[in-house]
Amino acid sequence: MVFTAHRAAQIVAFLLVSIVATQAIYTVLYVTAPDIVRTPIWGVEALLFLGIAAFATSPLVQSRLHTVGWGAIFASAILNVMQVGVGITMFGPFREAANNLEAVGPAAGAVVAYSFFVYNAAKLLLGFAALTFGLSQAKTGTGSAKVIGILAALAGIAAIATNFIVMAFGRIDVVPSGAAGVLATLLLAFTLTNAVREDSAAS
């Protein structure tokens, strides 16, 4: 099966939007029904991130203008798979152990903190990708495409700043940084097709 860089970029964009949808669903369930088991959503997200990693490699190796942006998307997908894996395989056992033995509490907290650190690192990379692709589209696009590029760049800056702060100071409250990362992810998805067109024109 052959996937052109353009088709691969479209698939990555679709998968990024799908990630935004699953994270919105997860957040709604977390707020409205905290007792519902949300592990299956993590499993779906792991599959989506693996797809992003796989399909991002095509435009990554073929791009002449946006290799750094595509590299950030690829690296973010790998980090997200790691973060989801920690959540699925380690949160439950460590929580149960901490409930039975108080001394395990700090270790359980460290696992959660590490998971959030990886989560914020992945969001920072997506913010960086949104910044690079957004600036490019803002420069070359017209009309609504230029507006989307500007918004993507601004959202990217917000995601980079907020997620870096959380990573640097070890804060567990990830709502502002997570929201900025999700917005940057959504706007990033709308810039990818234009980026492939720019590469085609440059070749």
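**View 1. Phe 74 and its contacts in the predicted model.** This close-up comes from a predicted model. Phe 74 touches Ala 53, Ala 56 and Thr 57, leaving aside residues up to four places away in sequence. Phe 74 sits in helix α3. Is Phe 74 buried, exposed or partly exposed? Its relative accessible area is 29%, so Phe 74 is partly exposed.

**View 2. Helices α2 and α3 where they pack.** Two packed helices are described by the angle between their axes and by the distance between those axes. Here the axes of α2 and α3 come within 8 Å. They cross at roughly 155°. Angles over 145 degrees count as roughly antiparallel, and α2 and α3 are therefore roughly antiparallel to each other. The crossing in which α2 passes α3 is left-handed.

**View 3. Ala 75 and Ala 122.** Ala 75 also has its place in helix α3. With a relative accessible area of 28%, Ala 75 is partly exposed. How many residues apart in sequence are Ala 75 and Ala 122? The separation is 47 residues. In space, C-alpha to C-alpha, Ala 75 and Ala 122 are 7.5 Å apart.

**View 4. Aromatic pairs.** A pair of aromatic rings is described by the distance of the centres and the angle of the planes. The structure holds three such aromatic pairs. Tyr 26 and Trp 42 form one of them, and this pair is stacked. The ring centres of Tyr 26 and Trp 42 are 5.9 Å apart, with 25° between the planes. Tyr 26 belongs to helix α1 and Trp 42 to helix α2, so the pair ties together parts that are 16 residues apart in sequence. Trp 42 is buried, at a relative accessible area of 17%. Ring pairs also link Tyr 26, Trp 42 and Phe 91 into a cluster.

**View 5. The Trp 70 and Phe 133 pair.** Trp 70 and Phe 133 form an aromatic pair that is edge-to-face. Centre to centre, the distance is 5.5 Å, and the planes are at 75°. Trp 70 is buried, and so is Phe 133.

**View 6. The largest nonpolar core.** In soluble globular proteins, nonpolar side chains tend to be buried together. In this model, the largest nonpolar core has 37 residues. Which residues touch the most other members? They are Ile 52, Trp 70, Ile 73, Leu 188 and Leu 192. The elements giving two or more residues to this core are α1 (5-32), α2 (39-62), α3 (67-100), α4 (105-140), α5 (144-169), α6 (175-189) and α7 (192-202). Around Leu 188, the contacts are Leu 16, Ile 73, Leu 126, Ala 129, Ala 130 and Phe 133, not counting residues up to four places away in sequence.

**View 7. Helices α4 and α5 where they pack.** The axes of α4 and α5 come within 7 Å and cross at roughly 155°. That makes α4 roughly antiparallel to α5. The crossing of these two helices, α4 and α5, is left-handed.

Conventions
Residues numbered from 1 in each chain as written. Predicted model: local features only at pLDDT ≥ 70, side-chain atom pairs only at ≥ 80, totals over all residues. Heavy atoms only, no water. Core = buried A, V, L, I, M, F, W, Y, C linked by side-chain atoms within 4.5 Å. Buried < 20%, exposed > 50% of the residue type's maximum accessible area, 1.4 Å probe, protein only. Helix = DSSP H or I, 4+ residues; strand = E, 2+ residues; numbered from the N terminus. Contact = heavy atoms within 4.5 Å. Phe/Tyr/Trp six-rings, centres within 6.5 Å; stacked < 30°, edge-to-face > 60°. Axes fitted to C-alpha atoms, helices over the stretch in contact; angles between N-to-C directions. Parallel < 35°, antiparallel > 145°, perpendicular 65-115°, else oblique. Left-handed = near helix turned anticlockwise from the far one by under 90°.
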